There are 2 protein chains.
Amino acid sequence: MPRRTKEEADITRQTVLRAALAVFSQHGYSATRLEDIAEAARVTRGAIYHHFGGKAELYTDMIIEYSQPIGRIIQQAIDEGGTFEDILKRQFIRMCAALEDDADLRAIQEISVMKTEMMPDLAEGIARKMEGMEHQVQFLMEGFKEAIACGQLRADLDAEEAARAYFASLNGYMLLWLLDQSSFSIKKSAPAAVDMLFKGMLPS
Amino acid sequence: MPRRTKEEADITRQTVLRAALAVFSQHGYSATRLEDIAEAARVTRGAIYHHFGGKAELYTDMIIEYSQPIGRIIQQAIDEGGTFEDILKRQFIRMCAALEDDADLRAIQEISVMKTEMMPDLAEGIARKMEGMEHQVQFLMEGFKEAIACGQLRADLDAEEAARAYFASLNGYMLLWLLDQSSFSIKKSAPAAVDMLFKGMLPS
DNA sequence: ACATTTACATACGTAATAGTATGTAAAAGG
DNA sequence: CCTTTTACATACTATTACGTATGTAAATGT
């Protein structure tokens, strides 16, 4: 086989990343061998070691690559404006819908929630996710503080508690669905779920 | 070393189980070697293979052993009676408190949520947990149905949705805390959290 | 008491897999 | 056009850790 051009090389890199997504999501991090991924990507382990430092680095790069859509969904929901409640409802509903519609996003979530242990090797990849989470919680806290001050939400609400409650609900909800995806349609149920959450937060 | 009596053997079994809890919770399932556990338990791998079938079986037995307190908390909250709301609030608060107070329970949750991948080996242990979950969701759905019918909760509430919302909130909340245990005290926050959840479910 | 089983420890074999070193042919660069 | 570097493939090495086989001394059964 001839040597590939720079553009072709980038394609194989993407191919490996995609193969990693597929195989990691199927077998979990520890149980997948680099050769499984190589096979799925139609390359050899040599190619993987050329493009990535090793198993852990490949994992981290994959997480970064395929986690981007999440940030975009979150951001777009903000950009579309409206009240804080509107934004959070959009984020909730869009995240749930994307989880059911977008196989890549589903795979990434399955991998990071159910298919990888927190071990030293993956420290960096995990740290990334944690950062994203903390950032999100921070955003929530500030938003809640304002919304409460503006009278958009119940005056006796604690912003910190509310932020955690929202975050916990969303993540718990997604996790519940991921564990048994046939038990219900998260895409259809999401609007009712957020709605229920907010009815307790709104001023009576 | 002399051979141990039957009672002593049971003690070593317990010792191994406890060591497994400690080591698994620290390094995760895949990354811990049987020898690490043996070392922590002050025995050899021989002892482990004598008492358990192997790594996966030890894991399963450990999960079963240390998951029992969870069931007891859930059940006791039921036995103490009161309205359905009372029961759920107690369950929520007690689970959160136990998570912070009881190192064993915390370790088991950390292991099953963050420190083990779903892989074929652990199918049985995971299936156990899933069964417990489904049982819990079933209980919730029936309870919500009754409570809604009795007028204890908002009439326009969907029992299935409500059950999922409660379950998702509790699990999401515990997960959030487990990920960063220093960020807040789940034991102190839990009452406010359930309260917030229910204010949206109560009839206005 | 003697035979048998139990509760482990020790020692061994072995399969798997990660990382690395080397090979190679073709692009990139001048 | 010639050199260098890139983009992989191939081959090798080394370790890790699981399972198992074997050993043994004392407890348990009769």
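The exercises below concern a predicted model, and each task is followed by a worked solution.

**Exercise 1. The relation between the chains**

Determine by what turn and shift chain A can be laid on chain B, and state how the two copies are related.

Solution. Superposing chain A on chain B calls for a turn of 180 degrees with a shift of 0.0 Å along the axis, and the RMSD is then 0.1 Å. The two copies are thus related as by a two-fold rotation axis.

**Exercise 2. The contact between the chains**

**Exercise 3. The nonpolar cores**

Identify the residues with the most contacts inside the largest nonpolar core, and the elements that give two or more residues to this core.

Solution. The largest nonpolar core has 54 residues, and those with the most contacts inside it are A:Tyr166, A:Tyr173, B:Cys96, B:Tyr166 and B:Tyr173. Two or more residues come from each of α5 (84-101), α7 (123-149), α8 (159-179) and α9 (186-199) of chain A, and likewise from α5 (84-101), α7 (123-149), α8 (159-179) and α9 (186-199) of chain B. A second, separate core of 22 residues includes B:Leu21, B:Ile37, B:Ile48 and B:Ile126. Returning to one residue of the largest core, A:Tyr166, and leaving aside residues up to four places away in sequence, one finds that A:Tyr166 touches A:Leu88, A:Leu140 and A:Leu197.

**Exercise 4. The helix α9(A)**

Find which residues of α9(A) are buried and what they pack against.

Solution. The helix α9(A) has 14 residues and reaches 19 Å from its first C-alpha to its last, close to the 20 Å expected at 1.5 Å a residue. Its buried residues are A:Ile186, A:Ala190, A:Ala193, A:Val194, A:Met196 and A:Leu197, and the buried residues of α9(A) pack against α5 and α8 of chain A together with α8 of chain B.

**Exercise 5. A loop residue**

Locate B:Thr83 and explain why B:Thr83 counts as partly exposed.

Solution. B:Thr83 lies in the loop between α4 (55-79) and α5 of chain B. B:Thr83 counts as partly exposed because it has 13 C-beta neighbours inside 10 Å, whereas a residue is exposed if 12 or fewer lie within that distance and buried if there are 20 or more.

Notes: Residues are numbered from 1 along each chain as its sequence is written. Chains are lettered from A and ligands numbered from 1 in the order in which they are written. This is a predicted model: local features need pLDDT of at least 70, side-chain atom pairs count only at pLDDT 80 or more; totals for chains, interfaces and linings use all residues. A nonpolar core is a set of buried Ala, Val, Leu, Ile, Met, Phe, Trp, Tyr and Cys residues joined through C-beta atoms within 7 Å. Helices (H or I, at least four residues) and strands (E, at least two) are DSSP runs, numbered from the N terminus. Two residues are in contact if their C-beta atoms, placed from the backbone, lie within 7 Å. Copies are superposed by least squares on the C-alpha atoms of residues with pLDDT of at least 70 in both. The expected span of a helix is 1.5 Å times one less than its number of residues.
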